[in-house]
Amino acid sequence: MTPVTYDNESTGKFNFINLNTGEKEIPFGEYLFQRILDCGTKSVFGVPGDFNLPLLEYLYEPQLLEQGLRWIGNCNELNAAYAADGYSRYSNKIGCLITTYGVGELSAMNGIAGAFAENTKVLHIVGVARSTDSRCKDFKNRNLHHLVPQLKDSNFLGPNHKIYYEMVKDKICCSAEYLEDIHDACNQVDKVITDIYKYSKPGYIFVPADFVNMTVPTTNLLKKPTFTMENCIVSNNEQDIINITNTILDMLYQSNTPAIIGDVLTDRYSGKELINRLINETHIWNFASVNGKSIIDETNQTYMGLYNGEEGPTAVKERFLQCDLILNFGVDINEINQGHYSFSYKPGCKLIELHPTYIRFSTPDNGKEQIFKGINFIHILKSIVESIDVGQLTYQYPISVKPFCTEELNFKHDSNSEIITQTLIQNKFIDYLNPGDVVVCETGSVQFAMRDLVLPNQVKYISQGFFLSIGMALPAALGVGIAMQDFPRSHISNNCESAISESYTPRLILLEGDGAAQMTIQELTSMIRFNVPIEIMLWNNNGYTIERAILGPTRTYNDVMQWDWTKLLEAFGDFGKKETKSCTLETPIQLIEKMAQLKNGQKDKMIELIEVKLQTLDYPKQLRHMVESAKVKSAGLFNK
Ligand SMILES: Cc1ncc(C[n+]2csc(CCOP(=O)(O)OP(=O)(O)O)c2C)c(N)n1
Ligand SMILES: [Mg+2]
């Protein structure tokens with residue numbers, strides 16, 4: 001331990017002066033939470049455990065509470081990871097969770113892997129064994145609880161204290177630091193936070209229980225008082241940025257039918273305003289992607305739909321195939337986002353993929369390509385927006401082609417039908433939303449129903465569209481709701497042509513399947529506990545319909561137990577039914593009326609759970625296309 005003396009006269013706070021260096025010091029626990037606040041995060045999710053309790057004690061330091069720090073306790077660590085992910089997806093800040101050694105952190109792993117796969121900024125802090133234990137030479141006395149013993153001779157050998165760290169490092173995180181020397185701890189914390197912003201992926205800090213009360217210098221706090229996306233991705237290759245921008249601009253000036261795809265990483269790197277500005281100023285045709293849905297304002301005058309190759313609507317593909325130059329901003333290549341790799345292009349079309357680590361120019365026809373590595377696309381996007389000369393753009397888009405609209409999807413709903421169908425949902429959903437609302441959609445059949453709908457302006461749509469872990473959306477919606485409390489209306493742009501009235505409070509809507517809900521349902525209780533207003537549409541189709549569409553339509557493995565959904569909120573804490581309301585809808589008229597009532601704000605309770613009965617084998621045509629496409633792909637694989 002460093003010799004310290006106390007100084008609370010100058011600051012009023014309880015500070016320490018290091019007698020060797022003369023520097024101000026604070027306990028490491030306080031440093032860590034100060035850093036979380038410094039990166040803009042206010043709420044911290046998680047579950048306590050004896051290895052993190054000393055750290056959690058610092059949550060209650062008055063100077064941290066004053067800055068808005070709060071603890072959102074979850075029912076389990078998986079839910080905490082999902083919630084932190086949702087918090088980040090909404091706010092684009094770092095979602096943070098704290099778990100305990102082994103048992104807690106392992107439970108969170110699926111959530112962290114999902115955040116890794118989908119590029120969300122999550123900081124996972126794990127309370128681990130005291131440094132005196134993990135550094136001890138006499139390891140055989142250190143088979144601590146929550147640790148897995150060695151496979152062989154565990155009674156003779158000590159355990160590997162860093163086993164869980166080794167499981168995640170370089171696998172499901174961009175940065176992982178196991179703190180071993182308190183003198184390095186502050187820099188290690190700062191490194192992980194910087195990396196999370198830089199790579200937009202999760203990071204881990206493993207904090208020995210005895211470190212939190214040790215004192216550390218405040219030097220770093222003064223040197224770098226805040227962490228933002230901007231100050232974590234500063235570029236040092238200005239000339240490359242200028243050259244690449246000029247090349248892209250020349251290509252745009254020469255193109256007759258250019259197009260923009262707004263893909264997911266554009267949002268993760270805070271490029272949403274920029275891309276919408278570019279579209280509004282140039283009127284270049286533009287397309288959404290599955291994982292990037294709602295980044296581009298879908299009500300803009302040249303929105304041409306969500307392109308997903310063979311799996312999307314033909315009307316969108318036909319528009320896409322007219323384009324001779326594609327600028328794919330924030331591109332993320334995976335099976336779902338590329339419609340099982342079925343993207344096709346106009347003959348001779350030039351493709352520019354703009355990614356956080358590279359810019360790639362290619363001609364899909366002949367496979368020719370040129371890659372520039374080490375340049376974050378966000379600098380190029382900014383530079384294009386700042387330097388484009390709109391007067392030099394000359395388009396020859398076919399005049400007959402209009403912006404894509406939901407009606408083109410041609411949903412035929414039988415108005416005499418007595419049952420609610422997915423087609424009816426597709427028909428009515430857009431009307432149910434108000435501009436500026438936030439929709440969280442679970443993995444499942446209804447997710448496919450949402451894809452192609454043209455969203456009202458400034459609606460934020462959040463869905464784990466690639467990793468597809470069911471049960472994610474419900475706790476993620478908790479995280480979104482908490483972020484909406486911490487940063488009200490932060491998804492709404494003031495620069496947008498069609499502003500959202502200041503007096504309108506955006507709604508949070510969760511679209512949830514019955515099967516998925518049974519995975520993480522307890523987190524409803526946290527919505528009540530932390531006053532998160534939400535409308536939950538619970539699609540009850542008697543089990544795993546999406547799986548039935550793939551195989552085993554009538555198999556029992558696709559069944560789930562029937563629940564009385566309308567009793568859950570009461571059981572989960574709203575004993576007097578003061579905060580919540582639940583109902584079951586079975587007919588189209590009931591659904592239409594309920595949607596209209598909610599849209600108009602006639603909500604009498606903070607949380608509404610609306611169970612909507614659907615037929616077991618009813619699923620949208622978008623899902624059928626995906627299943628067929630996937631089957632064709634796998635048949636191809638087997639034939640090889
Ligand atoms: C954690 C996890 N377990 C299993 C799956 C496989 N899976 C994908 S969708 C699904 C069923 C979803 O059912 P439900 O939420 O009721 O939606 P539905 O398709 O019935 O509308 C399952 C089991 C998965 N994606 N994630
Ligand atoms: Mg279901």
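Helices here are DSSP runs of H or I with at least four residues, and strands are E runs of at least two, both numbered from the N terminus. With that settled, hello everyone! This is a predicted model, where local features need pLDDT of at least 70, side-chain atom pairs count only at pLDDT 80 or more, and totals for chains, interfaces and linings use all residues. Residues are numbered from 1 along each chain as its sequence is written, chains are lettered from A and ligands numbered from 1 in the order written, and side-chain values use heavy atoms, leaving out hydrogens and water.

Let's look at ligand 1. Which helix gives the most to its shell? That is helix 19, with four residues. Helix 19 spans 514–520, and helix 21, at 545–550, also supplies at least two. The shell has 16 residues, counted as near when a heavy atom lies within 4 Å. They divide into six nonpolar, eight polar and two charged; Ala, Val, Leu, Ile, Met, Phe, Trp, Tyr, Cys and Pro count as nonpolar, Asp, Glu, Lys and Arg as charged, and the others, Gly among them, as polar.

Now the polar contacts, meaning pairs of N or O atoms within 3.5 Å. A polar side-chain atom of Asp-514 is 2.6 Å from an oxygen of ligand 1. From the backbone, a polar atom of Ala-516 lies 2.8 Å from a ligand oxygen, and an N or O atom of Ile-470 sits 3.1 Å from a ligand nitrogen. The protein covers 80% of the 590 Å² of accessible area that ligand 1 has on its own, by the Shrake-Rupley method with a 1.4 Å probe.

Methods:
A polar contact is a pair of N or O atoms within 3.5 Å; within protein, one must be able to donate a hydrogen and the other to accept it, and residues adjacent in sequence count only if both atoms are side-chain atoms.
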